[in-house]
2 protein chains.
Amino acid sequence: MQTLAILTQVLKKNKVRITTIRKALLMILLTRTKPMSVYDFQKRLQHEGIDAHKVTLYRDIELLCTLGIMREVSFTDGFRRYELEEDHHHHAVCTACKEVFEINDQALEKAVFSLERRTKKRYHFASLSHNLEFLGVCTRCFKHS
Amino acid sequence: MQTLAILTQVLKKNKVRITTIRKALLMILLTRTKPMSVYDFQKRLQHEGIDAHKVTLYRDIELLCTLGIMREVSFTDGFRRYELEEDHHHHAVCTACKEVFEINDQALEKAVFSLERRTKKRYHFASLSHNLEFLGVCTRCFKHS
DNA sequence: TTGCAATATGCAACTGAGTTGCATATAATA
DNA sequence: TATTATATGCAACTCAGTTGCATATTGCAA
């Protein structure tokens, strides 16, 4: 379990300044579990009275990724999203409302990692990671259609 | 197994004109198995002496998708790619050379579909499809690095 | 085979996510 | 609190994909 103190420590160790925006980004990461796009972060910050330029967000997010604090979660809808490095989840995206549902299923996680190992061996890939997303229509959107 | 005759029949039935570009697109789909981006199609057509504008390709590809002839295969690198509807495969993408390797593994396909059914039930999604891609470094790129 | 109408194509100009160079503002250190 | 290196913002860019409209081509009927 990460805390703000642990994360700011990482910044300090790397001689990276702890600015208002960066601290706010870390707080958001700690309180949100769903992957967030740059625009999600921007809106959330605005809500807290912080106006951050998108360029800054892109740069800070890239920084936090290289420091191993957050990771990019790839989706196929054209928006890059990010989450705390410690969460590795798969997601189900509702194609109607674009909501991202986090899938919490140990058996699924295990199965996917075993598929990854299998594929790495069969196709002689030096390193391998994966993206798995489910696309569908959530209950709520289904009822309203 | 699809043939050019079957596919042009589909166009005719839908009162859609069979133009040089469309016929060439179908031929390419029939002889290629890997998913192709719009720019892949454009290069391939140029090679056969056909200069097609990207706008035309986007529109024709969309048309062929709605006719059920091709399908979009989503990747997370920002390029949409397309393949014949009958192929449903998963892919391994080399992050170095961007080559797409088709994965032909019956056991993997079965496993993934079972994960899909499982997830649909657990999360009450009305309909569900999935994207699974593996990302890594292929043998050739690994040797050259 | 030709002429006509409907459809396909190309062009130019646009959208929107993400990027880059540079000037200004701010955090950390002495 | 002054200094200086780093962070932020701005403007202008890139590039995949989209849209409106003018022109070219296809399929059909005569």
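Predicted model: local features only at pLDDT ≥ 70, side-chain atom pairs only at ≥ 80, totals over all residues.
Trainee: Why does Phe101(B) count as partly exposed?

Mentor: Its relative accessibility is 23%. Buried means under 20% relative accessible area and exposed means over 50%, with partly exposed in between (1.4 Å probe, protein chains only).

Trainee: Why is Phe125(A) called buried?

Mentor: Phe125(A) has a relative accessible area of 5%, which is under the 20% limit, so it is buried.

Trainee: What makes Phe125(A) and Phe101(B) an aromatic pair, and of which kind?

Mentor: Rings of Phe, Tyr and Trp (its six-membered ring) pair if their centres lie within 6.5 Å; planes under 30 degrees apart count as stacked, over 60 as edge-to-face and the rest as tilted. Here the centres are 5.4 Å apart and the planes make 90°, so this is an edge-to-face aromatic pair.

Trainee: How do you know what the pair of Phe125(A) and Phe101(B) joins?

Mentor: Phe125(A) lies in the loop between helix 5 (106–123) and strand 6 (128–136) of chain A, and Phe101(B) lies in strand 5 (residues 100–103) of chain B, so the pair joins two chains. Helices (H or I, at least four residues) and strands (E, at least two) are DSSP runs, numbered from the N terminus.

Trainee: How many aromatic pairs are there over all chains?

Mentor: The count comes to 2. The rings of Phe101(A) and Phe125(B) also form an edge-to-face pair, because their centres are 5.4 Å apart and their planes stand at 90°. This pair crosses from strand 5 of chain A to the loop between helix 5 and strand 6 of chain B.

Trainee: Are Phe101(A) and Phe125(B) buried or partly exposed?

Mentor: Phe101(A) is partly exposed, because its relative accessibility is 25%. Phe125(B) is at 5%, so it counts as buried.

Trainee: What charged end sits over the ring of Phe101(B)?

Mentor: That of Lys34(B), 5.8 Å from the ring centre. A charge sits over a ring if NZ of Lys or CZ of Arg is within 6 Å of the ring centre and within 35 degrees of the ring normal. Arg81(B) likewise lies over the face of Phe75(B), at 4.6 Å from the ring centre.

Trainee: How do you know that Cys138(A) is in no disulfide?

Mentor: A disulfide is a pair of cysteine sulfur atoms within 2.5 Å. The nearest cysteine sulfur, that of Cys94(A), is 3.7 Å away, so Cys138(A) is in no disulfide. Over all chains the count is 0. Cys138(A) is buried, because its relative accessible area is 3%.

Trainee: Which residues come nearest to DNA strand D?

Mentor: Of the 23 residues around DNA strand D, the nearest are Thr19(A), Thr56(A), Arg59(A), Lys54(B) and Tyr58(B). A residue is near a strand if one of its heavy atoms lies within 4 Å of it.

Trainee: What makes the approach of Thr19(A) to DNA strand D a polar contact?

Mentor: A polar contact is a pair of N or O atoms within 3.5 Å; within protein, one must be able to donate a hydrogen and the other to accept it, and residues adjacent in sequence count only if both atoms are side-chain atoms. A side-chain N or O atom of Thr19(A) is 2.7 Å from a phosphate oxygen of DNA strand D, so the pair is within the limit.

Trainee: Which part of DNA strand C does Thr19(B) meet?

Mentor: A phosphate oxygen, 2.8 Å from a polar side-chain atom of Thr19(B). For Ile18(A) the atom is a backbone N or O, 3.1 Å from a phosphate oxygen of DNA strand C.

Note on methods. Residues numbered from 1 in each chain as written. Chains lettered and ligands numbered in written order. Heavy atoms only, no water.
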